[in-house]
Amino acid sequence: MPIVILSDFANPEPWINALKKAAPDLEVMVFNKSLDRSQVEFALAWNHPPGIFMTFPNLKTISSMGAGVDHLLKDQNIPAQANIVRIIDPLLSQDMYEFALAVIMNRMKNLTHFRENQQQKIWKKKRYQRMADVRVGLMGTGIIGNHVAENLAKVGFSVSGWSRTAGSSKAYPKFSGESQLSEFLGSCDFLICLLPLTAETRGILNKNTMGMLPVGAWVVNLGRGPLLVDEDLISLLNSGHLAGANLDVFHQEPLPADHPFWLHPKVYITPHIASLTDPESVVPQIIENYRRTINNQPLLNQVDREKGY
Ligand code: OXD
């Protein structure tokens, strides 16, 4: 029984190679129209063609190729009997922490500002900030968000976290729910958003919520594009309420050429690279889930389709 890859990646080779290296006996196929779909029980997917899973009569498990599963769950036509699993990998969490640290440090130490001055041969000092004086708020404290928060706290930032449902952490103060949102947001010099995209979180970064951030705050969206209302961010940047934003994720990716973010002087864009799945690192859990699927055993990292993560 093959593992079938359905993705919009231009090059699935690294995935095929990593799977074959870890399990040489495994049959790995990239989806093609002549495939006998009745043979397939396990699919590995990223941005699959909507509805296609309905054409696999014996499909048991769909594994996301990344941490997020919104790309799967937005498809209303996924067979009810298919389980969805996601990737949980310490490297994804660590890479996200390193990226968050990099964007915060860049801003705190004015590195982009000095680069711009360099281009005009301007020698002009500007004060920097210190970690101990900077308050960072993590919106979304799941596995990745919690790792980012704990590590930012460890290196000396003043960190807090917010999630929709209650929870606690020994490493940083945690807020939860609507009732504590404004208190949380009011204490963030940097807001890092790592929420999953669900019906409840779509548009959560809007005029009202981002308006609760202190004047001069900086928004970093590393979760999903539709968490953010783009026009609201632009209006808060233009009014001077927010100082800037680092955006790694967008409503539409690649970001369309005519989107105002491209040329906005206060917006810093990266092409969804804050934390990239490393096929070699994650194939052991994929193969384990494949074997569990064949043997009808409980799966690792199973997603609650109702909750959306
Ligand atoms: C993921 C991503 O979900 O890359 O892993 O966004």
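**Exercise 1. How do the residues of the lining of the second largest pocket divide into nonpolar, polar and charged?**

The model is a predicted one, in which local features need pLDDT of at least 70 and side-chain atom pairs count only at pLDDT 80 or more, while totals for chains, interfaces and linings use all residues. Residues are numbered from 1 along each chain as its sequence is written, and side-chain values use heavy atoms, with hydrogens and water left out.

Step 1. A pocket is an open set of points, on a 1 Å grid over the protein atoms alone, where a 1.4 Å probe fits and where protein lies on both sides within 12 Å along at least five of seven lines; lining residues have an atom within 4 Å of a point. The second largest pocket holds about 270 Å³ of space, and of its 15 lining residues the closest to the centre are Arg107, Thr112, His113, Trp218 and Tyr268.

Step 2. The lining divides into six nonpolar, five polar and four charged residues, where Ala, Val, Leu, Ile, Met, Phe, Trp, Tyr, Cys and Pro count as nonpolar, Asp, Glu, Lys and Arg as charged, and the others, Gly among them, as polar.

Step 3. Helix H4 gives the largest share of this lining, four residues; helices are DSSP runs (H or I) of at least four residues and strands (E) of at least two, numbered from the N terminus.

**Exercise 2. Classify the ring pair of phenylalanine 42 and tyrosine 290.**

Step 1. Rings of Phe, Tyr and Trp (its six-membered ring) pair if their centres lie within 6.5 Å, and planes under 30 degrees apart count as stacked, over 60 as edge-to-face and the rest as tilted.

Step 2. The centres of phenylalanine 42 and tyrosine 290 are 5.8 Å apart and their planes stand at 85 degrees, so the pair is edge-to-face.

**Exercise 3. Describe the salt bridge between glutamate 280 and lysine 21.**

Step 1. A salt bridge requires a side-chain nitrogen of Lys or Arg within 4 Å of a carboxyl oxygen of Asp or Glu, and here the closest N and O atoms are 3.2 Å apart.

Step 2. Because glutamate 280 lies in helix H9 and lysine 21 in helix H1, the pair ties together parts that are 259 residues apart in sequence.

Step 3. Glutamate 280 counts as partly exposed at 48% relative accessibility, whereas lysine 21, at 59%, counts as exposed.

Key
Grid points are joined across faces, edges and corners, and a volume is the space filled by probe spheres set on the points. Buried means under 20% relative accessible area, exposed over 50%, partly exposed in between (1.4 Å probe, protein chains only).
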